Protein chains: 2
Amino acid sequence: MTPPTAVDTLIEARWVVPVEPAGMVLEHYAVAIRDGRIIDLLPIDQARQRYTATEHVSLEEHVLVPGLVNAHTHAAMTLLRGFADDLPLMAWLTEAIWPTEREHVSPDFVRDGTRLAAAEMLRGGITCAQDMYFYPDSAAEAFSEAGMRAVLSLPVMEFPTRYAADADDYLRKGLAVRDRWSDHPLLSFALGPHAPYSVSDSSFERIVALSQELDCPVHTHLHETQAEIEDSLRQHGMRPLERLERLGLLGPGLSVAHAVHLTDGEIRLLAERNVGVIHNPTSNMKLASGIAPITQMLDAGVTIGLGTDGAASNNRLDLWQEMRQASLLAKVASRRADALPAHRALRMATLDGARSLGLDDRIGSIETGKEADLCAISLANIDFQPCYNPVSHLVYVVDRHAVSDVWVAGKPRVRSHSLLQFNNIALQQISRSWQNSLC
Amino acid sequence: MTPPTAVDTLIEARWVVPVEPAGMVLEHYAVAIRDGRIIDLLPIDQARQRYTATEHVSLEEHVLVPGLVNAHTHAAMTLLRGFADDLPLMAWLTEAIWPTEREHVSPDFVRDGTRLAAAEMLRGGITCAQDMYFYPDSAAEAFSEAGMRAVLSLPVMEFPTRYAADADDYLRKGLAVRDRWSDHPLLSFALGPHAPYSVSDSSFERIVALSQELDCPVHTHLHETQAEIEDSLRQHGMRPLERLERLGLLGPGLSVAHAVHLTDGEIRLLAERNVGVIHNPTSNMKLASGIAPITQMLDAGVTIGLGTDGAASNNRLDLWQEMRQASLLAKVASRRADALPAHRALRMATLDGARSLGLDDRIGSIETGKEADLCAISLANIDFQPCYNPVSHLVYVVDRHAVSDVWVAGKPRVRSHSLLQFNNIALQQISRSWQNSLC
């Protein structure tokens, strides 16, 4: 008989949903973790024979899934949660959000807001976020402190802010941040031209060149509102997506947030070029932007991840809500109750989100060799009974408060519903202090 | 100085949102309760001088709102939560739900399923539900045991089930249940013709006569799907709403669930006749029925309450979710971010729901003289920080797990997040036993 192998952590769960292979639900399975990676996935009884673990976790009424990937957010805007609601989009931006940002956004604002966001996301099972905001250096500090994986999308726009004077200045500052954190195991970077309406052709060209030179992905907002498209037609004589195509942006290294308004030809183009689309259903509803044609994009083979957008337009960083919303919205928009079934919604929130960020070789599913970003959900709550199908419950029934344990690269970040990296009192004080200064 | 008056309960809260007057948020207010009724609403410091209370409750980080009204549900279907999902509507009904109901629905099924539902609803702040299901006697037992307010809508349809043989039999059995429980302070009754497609003209005529004779409201499903309307055009040569109008159903005593597909003329008719509409946004999305024209109905002055529908098509009995969903859906459907603002969504879930059931003289707002159906939500959770506007948070941020305390007619039903009338282990056993027999 072979002696057992030593591992760091052995997690046993009532159900494991690895996401890949698609549709699979494993009962009474265990995940073995060593050096931050998944080294085995096997039945509990076999795992107990084969491995001895430094830490042994037994999750008897839980589903273990890959950590969720929030593929589009503006983390620091957590400080503006519910700051202004129920306003027409332009009034919301020009009278509430932008003036407040102009006055208050600073390195401290971003560090503190991102701390709150990382705490909220981790406790809700999100192990990786793609963030886009000013002062990414401060965001990097907060994500690093939280022990959370993040893709920091380095903002570029033409107009000046307290953070940077012009597109060159944004790029220079962003690339310096990228250099500073290049060795961090959980942080990676994307170039983040804000949107076609806020970035010039020449800046986009520079970004294309840099992304090739540095092998760096690109993230932008695209076709969020009908007005954005009409403005582009007036100003550039073409729709924003066509403009990005001509400028050479489209490819597997590009992820675009929103993509609410698309022609059939545009959907085909996104699929052909392997552009990742990030669907933000709650934000698109709350800002009345429209309903993205998710069913058509899925049929065409577009990779679709999910995002919460910022807390100012959602108002929560909750990917369980987005999964449910994506599924419900796809059903009602396509008039097909079988559109976007539960397994597929979970895949969007994990593996497809990771793919849209170019991280699917490292995270997004529970497979041997991948980094151990994991999330356990307790189904013990009486409000979740009965349970005929745990994956249906993950999408249609549970709340983020059911998340009990979270690991990032094998390290525990939430244990029995408690966040390990931050303490609640400190977070409350941070929030209260900013609220007082913003009011 | 006047000596203090004795009351049963004095509840002090950081915020009180009485719903009527519309838009009001009171800070540091207290509610005084005697004999199950609200006898005063006043600032905390005045309340402490004016009243001595047997029970004194201090809610320092909470919002106190009227208990939520779930104006359309099939409570016992909680036992079929997630039993079948992601199926086209007719396959879902004919292959999954109806055969299971035929085989399993019994007085015990209804009593146990309604217990689970009442527990879920109370813990989530719902103090009153309009229920429609077979064996209403068993549902009445469960609601009575739970100490929850309910309108039991007595089902009537033409086709036979284990419960009843034909429309006359349904009516006879239903009226007997009404007689049996007529003295119960929390239970009231409606006649419940299931839907225009399952009830004949002559049964509707009999129901109209009975409702007038007994002064009893009527509740039915209406215009849930486009197919229902097309079938009616084929079979009756008119749309279902026109048929109900000709049969004399339309009036303030009628509440209709769904109303997804409506012409402008139909919206005007619903407003003119003071018909209550119950909007079930999650169910309408999940079954791909469509998006009800809520903004247009509100503009026309239609009274709109909110419902969860049954757990088989939602899959939760969570009116916070329905509030958020109603608001988000109204915004995206109307392309106006200012559609259905937070205060209005809260009003739908409380006072307007009560009005649709004809109960707005007794419940639905925190006003002197009304019965003390109340719900307290804790905003202490760090995921809810910062909080610039508590009513925005109620709709866009909080989950039902934030509900800390619930009273029905002045009696505590949930205290510090714990349900008082049921114990969790018993509920788990009930659920497990039914799950085993249904699988």
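Colleague: What is the mean pLDDT of chain A?

Modeller: This is a predicted model, and pLDDT gives the predictor's confidence in each residue from 0 to 100. In chain A, 100% of the residues reach 70 or more. The model also scores ipTM 0.97 and pTM 0.97. The mean pLDDT of chain A is 97.

Colleague: Which kind of axis relates the two copies?

Modeller: Chain A is superposed on chain B by a rotation of 180° with 0.0 Å of shift along its axis. The RMSD of that superposition is 0.0 Å. The two copies are therefore related as by a two-fold rotation axis.

Colleague: What share of the contact residues of chain A recur in chain B?

Modeller: The contact pairs 54 residues of chain A with 54 residues of chain B, where a contact requires C-beta atoms, placed from the backbone, within 7 Å. The same surface serves both copies. The share that recurs is 100%.

Colleague: Which element gives the most to the side of chain A that touches chain B?

Modeller: Several helices of chain A each supply at least two residues to that side, among them α2 (89-104), α3 (107-123) and α12 (319-334). Also included are α10 (281-286), α14 (390-396) and α15 (424-438). The one that gives the most, with six residues, is α15(A).

Colleague: How many residues on the side of chain A that touches chain B are nonpolar, polar and charged?

Modeller: The chain A side of the contact consists of 54 residues. By class, they divide into 27 nonpolar, 14 polar and 13 charged.

Colleague: Turning to chain B, which strands are the edges of the open sheet?

Modeller: The sheet in chain B has eight strands with mixed pairing, in the order β3-β2-β1-β4-β13-β14-β15-β16. An edge strand here pairs on one side only. The edge strands of chain B are β3 and β16 (418-419).

Colleague: At the β3 end, which residue is the bridge partner of Ala32(B)?

Modeller: Strands β2 (residues 26-34) and β3 (residues 37-43) of chain B run antiparallel and are joined by six bridges. Their hairpin has two residues between the strands, and Asp35(B) takes a positive phi near 50°. The partner of Ala32(B) in β3(B) is Asp40(B).

Note on methods: Residues are numbered from 1 along each chain as its sequence is written. Chains are lettered from A and ligands numbered from 1 in the order in which they are written. This is a predicted model: local features need pLDDT of at least 70, side-chain atom pairs count only at pLDDT 80 or more; totals for chains, interfaces and linings use all residues. Copies are superposed by least squares on the C-alpha atoms of residues with pLDDT of at least 70 in both. Two residues are in contact if their C-beta atoms, placed from the backbone, lie within 7 Å. Helices (H or I, at least four residues) and strands (E, at least two) are DSSP runs, numbered from the N terminus. Ala, Val, Leu, Ile, Met, Phe, Trp, Tyr, Cys and Pro count as nonpolar, Asp, Glu, Lys and Arg as charged, and the others, Gly among them, as polar. Two strands pair if DSSP finds at least two bridges between them.
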